[in-house]
Every structure is written in structure tokens, then in C-alpha cells.
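I am opening my notebook on a new structure.

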Amino acid sequence: MRPDTQAVHVGRPPHEPDQPLNVPITMASTYVAGGEREYGRYANPSWTAFEDTLGALEGGHCLAFASGLAAVATVLDLVGAGEAVVAPRHAYNGTVMQLGDLEARGRLQARLVDVADTDAVVAACKDAALVWLESPTNPAMELADIATIAAAAHEEGAQVVVDNTFATPLLQQPLELGADVVVHSATKYLAGHSDLVMGALVTRDEVLHGVLKGRRDLIGAIPGAFEAWLAVRGMRTLGVRVERAQANARELARRLTDHPGVREVRYPGFGGMVSIVLADAAAADRLTAGTSLWVHATSLGGVESTFERRRRWKSEPATIPEGLVRLSVGIEDVEDLWDDLSSALPAS
Ligand SMILES: *Cc1c(COP(=O)(O)O)cnc(C)c1O
């Protein structure tokens, strides 16, 4: 099966009389003893449908988590005391904050790098335990050379983790490029409707999968069955949603590049995320307050177009421009999106 077909078909019950087409929502804290599941913190059939589908798309074995950051924390927990972690300075803000918190408490050493500078990243890999990548980065939209960095990291004996939330497995498959673990905020494109929070890890290494499952069992950062069911329902349309969002984003990026009120357009050439830089914070605030279709909201990857001035968060690094607005382009008609957006852009 090709990816768009996997997204629709994997994880369903067998084609047998009276089987439902979809895996139902299983509300269970415990199971009759003697089987594989045993307890609601260890397994749930609604998670399994999600894990089988995302695992097939990424080409590995998947574990569902309560949120993207729960998945991030579970991976960072594998780093030994005092060991070094290389990570993009513009990684997802929550990831950078977790690293800062762990470093402040003496748990590990964080080496923040410009992920687009491959030589600098490779140099930082020396004696590192873990190399964290995100590509494109959120919201700077930088790209990492995953294959080159993964090879260099492995030579140093480091494990490589890639946050693939922005690209989705339809546009980038990090395990194929040499990553050991893929991280997702399923909250975003995978679920796709801005109605749940969930995360995931995917790996090909069965030993590592067992270790990560063991940590999830112990820590209990598990999703609800309803969230998992909704996320599966969302993934069934991932192919058409990503295709439309990407087509819209490409067109908007092209028009924005020609707009005199926009200082800079950051679009890596694929996906549904575009960052634009306006003259200053005030211009960006007027944009986010001036539209009717585009909603000023954090998060991304929903069917509806949203945008956000990222520096409104105090935790956002000062290297992100004050006037940067991150657009999460939805699946609406692109002409309506352009009419609304361009009506609120500064004239120059
Ligand atoms: C949102 C996001 C996360 C965190 O995921 P949650 O589901 O919000 O916990 C991690 N990485 C990226 C790239 C994100 O966009």
C-alpha cells in the first residue's frame, strides 16, 4: 500500500461479517486477566488503531502519548545524568523549555545549534548522547540535513530524534533518513481538526520501543480512548488535507512574496506552514486582529487557517523577529484566504 492508502486502511478490523469498519472507542480501565492488555495504562484497542496507522506511515513501531510534549519528555528521560543533547535553538518552544529545565536542574547538558548550519551541528555532535532535530523548525522554518547529521551523530554513538510534526510522514520520513526515533504532536496535522491534544513516538528498533513502552507504562502519559479514536478519524483524511493545505500554502507564499507590506516570506517549498515577517510587532498585531476568516490562535495543522505572532509568548527566543507571524494554512478556498489576509496586510 502507498501512504495515502495506508492512512485510510491500516488499523481497521478485518473484513468479516458484522465487523465494524472502524475500531470502536474502548472505554476500559482494566481487562479480564490472562491476555496481553491487562490494564488501561498499558494498552487500549483505540490506541492500537492509531499506533498501527502512524507506524505504517512512518515505517516503524509507534507508541501513543498524552501529548506531543509527553512524548518529548519520555525521550529526553532516556538521556543519562550529565550527558549532552544537541538541539535546534529554534526547536518547538516547549522542547527548548524542557531542555532548559533539565539543564538548570543538572540533569543534562543542552547544546543549542543553528540546525541549518550542518557543519556546526556535526561539530556539536562530539560526545553527545542524543541529537534532537526538527525540520522545518517551528516557527523559523529552517531545514536540517537529516541524513548527513544522522550519519555523523551515529559515528559519535549518539541517538537521533526527529520531530516530524510540521512535515508529517507524507512529506518526510525521518526513519528512512537514518533517525532512531520520530516524535509527533498528533494534536496538529495528524488529528487535523483542532479538537484534541495527543502525541506519538515511532521507532524501528524493537529494543528501544520496549524501553519507551516501559517508560510510558510507568509514567502513565497516556491518551484517552476518545482522543485516539478522533486522531485515527483525522488520519483517514491526512492525504487530502495535506495536499490541499500545501497547495494553498504554496500559492499564498508566492503572493505574499510579491506583497510590498511583507518584509520576508519563509516557506521551505513543501507543507502547509508559512512564516512571514512584517515591519514590527504593531504591524503583526494589526494583521492578526484585522481578519475575519484567519483566527489568531496558537497551535497549527487544523483544517481551518490560523495564524499567530509568535513573540507574543515571553518564552519565544529573541532571534525570532517581533513581526514574525506564523501561518497555518488550512484547506479553505485559497481565494477566500487571500482576500481576508491581504485585506489586513500593511500597504507597505
Ligand atoms: C505542538 C508541537 C509540539 C508539542 O505538542 P503538544 O501536543 O502540544 O504537546 C511539539 N513539537 C512541535 C513541532 C509542535 O508543533
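Which residues of α2 are buried? I looked them up: Pro45, Ser46, Trp47, Ala49, Phe50, Glu51, Thr53, Leu54, Gly55, Leu57 and Glu58. I took buried as under 20% relative accessible area, exposed as over 50%, and partly exposed as in between (1.4 Å probe, protein chains only).

I noted the ground rules. This is a predicted model, where local features need pLDDT of at least 70, side-chain atom pairs count only at pLDDT 80 or more, and totals for chains, interfaces and linings use all residues. Residues are numbered from 1 along each chain as its sequence is written, and side-chain values use heavy atoms, with hydrogens and water left out.

**Entry: helix α2**

I wrote down that eleven of the 14 residues of α2 are buried, so the helix is mostly covered. Helices here are DSSP runs (H or I, at least four residues), as are strands (E, at least two), and both are numbered from the N terminus.

I checked the length of α2 (residues 45-58) next. Its 14 residues should span 20 Å at 1.5 Å a residue, and its end C-alpha atoms are 20 Å apart, which agrees. The expected span is 1.5 Å times one less than the number of residues.

Then I looked at both ends. Asparagine 44 caps the N-terminal end, with a side-chain oxygen 2.7 Å from the backbone nitrogen of serine 46. Glycine 59 follows α2, and its phi is positive, near 75°.

**Entry: salt bridges**

How many salt bridges does a search of the whole structure find? I found 16 listed. Each is a side-chain nitrogen of Lys or Arg within 4 Å of a carboxyl oxygen of Asp or Glu.

I picked aspartate 77 and arginine 215, whose closest N and O atoms are 2.7 Å apart. Aspartate 77 lies in the loop between α3 (68-76) and β2 (84-88) and arginine 215 in helix α8 (residues 206-219), so the pair ties together parts 138 residues apart in sequence. Aspartate 77 is partly exposed at 30% relative accessibility. Arginine 215 is partly exposed too, at 26%.

I then turned to arginine 254 and glutamate 251, with closest N and O atoms 2.6 Å apart. Both lie in helix α10 (residues 238-257), three residues apart, about one turn. An α-helix has 3.6 residues a turn, so residues three or four places apart point the same way.

My last pair was glutamate 308 and arginine 310, at 2.9 Å between the closest N and O atoms. Glutamate 308 is buried at 0%, and arginine 310 is buried at 6%. Salt bridges with shared partners join Glu308, Arg310, Arg312, Glu316 and Arg326 into one network.

Notes
Polar contact = N/O pair within 3.5 Å; in protein donor to acceptor, adjacent residues only side chain to side chain.
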